[in-house]
Amino acid sequence: MGAIRHRIRPGGPWQRVLPGVYATFTGVLTADQRRSAALLYAGADAALTGHSVLELQRVRYLPHDERVHVLNPAGCHVCSRSFVIISRTHRPFAIRSLAGFPAVSAARALSTWASSQRELSTVRAVTASCVQLGRTSVDDLSKELRQCAIGGTAFFRMALAEVGAGVRSAAE
């Protein structure tokens, strides 16, 4: 432990990114390095979700967000810290590889992201973009909506109804 303390000292060659996670360089982390650090911090059962997945899927109209959103099983005791947002769930989630990172489906990620949004127009635009780009389908989104908790889903429900009715872009 003394060797690590020596390396992360002020002016040292390393930096502490999160508890138990160190970068062997100084300076600003790239987006991928932040994702890797967040997943190392969150633990082996964690997966990217929300904005982090939608960003990797190159979904349009996403507002900028530096945070990394991670989903963990309910028994996990890791808390949100710094740029990492930890969500816990009792609902099982499938993990797939996305650009080399463990991630939830686009439908699950969109549902998680939309529940924290405060503007219907943004949720509508991102939802339409996900479907238009083929990242997920209206059927998958409807299924996800039926399985998720009701709280915070009003905008997502409205946007999904519009996209299901044929709206496919922000302009529509």
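Analyst: Fine. R35 is buried, with a relative accessible area of 6%. Keep in mind that this is a predicted model.

User: Why does R35 count as buried?
Analyst: Because the relative accessible area of R35 is 6%, and buried means under 20%.

User: Which element is R35 in?
Analyst: R35 belongs to helix α2, which covers residues 31-42.

User: And what does R35 touch, leaving out residues up to four places away in sequence?
Analyst: L48, S52, E55, L56, V68 and F101.

User: Switching to L145. Buried or exposed?
Analyst: L145 is buried; its relative accessible area is 8%.

User: Where does L145 sit, and what is it in contact with beyond its neighbours within four places?
Analyst: L145 is in helix α6, residues 138-147. Apart from those neighbours, L145 is in contact with T153, F156, R157 and L160.

User: How far apart are L145 and S111?
Analyst: In space, 7.0 Å from C-alpha to C-alpha; in sequence, 34 residues.

User: Now the whole chain. How many helices and strands?
Analyst: The protein chain has 7 helices and 7 strands. Starting at the N terminus, the order is α-β-β-α-β-α-β-β-β-β-α-α-α-α.

User: What are the rough dimensions?
Analyst: Along the principal axes, the C-alpha atoms fill a box of roughly 60 × 35 × 25 Å.

User: What share of the residues is buried?
Analyst: 45% of the 172 residues in the protein chain count as buried.

User: What share of the contacts comes from residues 24 or more positions apart?
Analyst: Taking contacts with a separation of 6 or more, such residues account for 52% in the protein chain.

User: Last topic, charges. How many positive and negative side chains?
Analyst: There are 21 positive and 11 negative side chains in the protein chain. The centres of the two sets lie 8 Å apart.

How values were computed
Residues numbered from 1 in each chain as written. Predicted model: local features only at pLDDT ≥ 70, side-chain atom pairs only at ≥ 80, totals over all residues. Heavy atoms only, no water. Helix = DSSP H or I, 4+ residues; strand = E, 2+ residues; numbered from the N terminus. Buried < 20%, exposed > 50% of the residue type's maximum accessible area, 1.4 Å probe, protein only. Contact = heavy atoms within 4.5 Å. Lys, Arg positive; Asp, Glu negative; His and termini not counted. Charge placed at Lys NZ, Arg CZ, Asp CG, Glu CD.
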